[in-house]
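Here's a quick briefing on a protein model, picking out a pocket and a helix. Have a look at the structure, then read on.

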Amino acid sequence: MDTKELLKKVRKIEIKTRRLSDHVFGGEYHSTFKGRGMTFSEVRQYQFGDDVRNIDWNVTARYNEPFVKVFEEERELTLMLMADISGSEFFGTDSQFKNEIITEIAATLAFSAMQNNDKTGLILFSDEIELFIPPKKGKSHVLRIIRELLEFQPKSKETDISQALKYFTNVMKKKAIVFVLSDFITEGYKDTLKIVAGKHDVTGIRVYDRREEEIPNLGMVQMQDEETGELLLVNTSSKGVRTQYNTYYRERVDYFQEAFTKSGAGAISCRTDESYVKKLLGYFKRR
């Protein structure tokens, strides 16, 4: 992708997702993810109905009338986006590939964080850590994140979610809001996720294509595994083959649901031809 085309794409995503974060998600994001606690702001005269536990006895004694301490929510948070950029993300049979939807969701969340003056960081992973961008504030930083999501070329095509989560815990010591974006057609991350979700606010967003859910009956078809590159001749008219695939796929979807739910994390499933806007809003409102 040349620079001109890339900038055009970044701008297009910025316009679409910025509008969403400004009008739709900004407030939802703010109320869903609370700050770290309350910090002392000022003292003022006691008013009827104030909590007596907040009375500042030193100031009250000095002025001979009651004063209370006023606290403000300490808002600044860190949003970490963890995006799977393995081979299987470059699949789509409708108007958009999975990785394009992942980019749009990530951009919407990043602009919502920016609107609330929070920092945003990015981890791109396959079965290794492909890129880490430390959390920062500001529009140019968010645009860099979108640029990387659009044009980064992974070294590997395979997936290891557990490895990515372990890396995240090593680089992020303070509590963060974490969104893991992937198709989750993998297993083996349950235990690591439990540890991460115990400290951080974690949500998994599973992005999938409807054609992945089952293999249609098309006779003998040559297929390529996007992650290993292996070419296989598959007899799709065989009921056994189709059933085996359906079982394999369902097991991974169930694993995703169970892993995220049991660890106390949030889980969203979004098909490439569905509105991720509705899915995100519904999730924010339920929390």
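The second largest pocket holds about 500 Å³ of space, with volume meaning the space filled by probe spheres set on grid points joined across faces, edges and corners. A pocket here is an open set of points on a 1 Å grid over the protein atoms alone, where a 1.4 Å probe fits and protein lies on both sides within 12 Å along at least five of seven lines; lining residues have an atom within 4 Å of a point. This is a predicted model, so local features need pLDDT of at least 70, side-chain atom pairs count only at pLDDT 80 or more, and totals for chains, interfaces and linings use all residues. Residues are numbered from 1 along each chain as its sequence is written, and side-chain values use heavy atoms, leaving out hydrogens and water.

**Around the pocket**
- Its lining has 21 residues, and K9, N99, E100, T103 and L150 sit nearest the centre.

**Helix α7**
- Helix α7 covers residues 239–262, and its 24 residues reach 34 Å from first C-alpha to last.
- Y249, R252 and F256 are among its buried residues (under 20% relative accessible area, 1.4 Å probe, protein chains only).
- Just after α7, G264 takes a positive phi of about 85°.

**Whole chain**
- The protein chain has 8 helices and 10 strands.
- Of its 287 residues, 46% count as buried.

Technical notes. Helix = DSSP H or I, 4+ residues; strand = E, 2+ residues; numbered from the N terminus. Buried < 20%, exposed > 50% of the residue type's maximum accessible area, 1.4 Å probe, protein only. Expected span 1.5 Å × (residues − 1).
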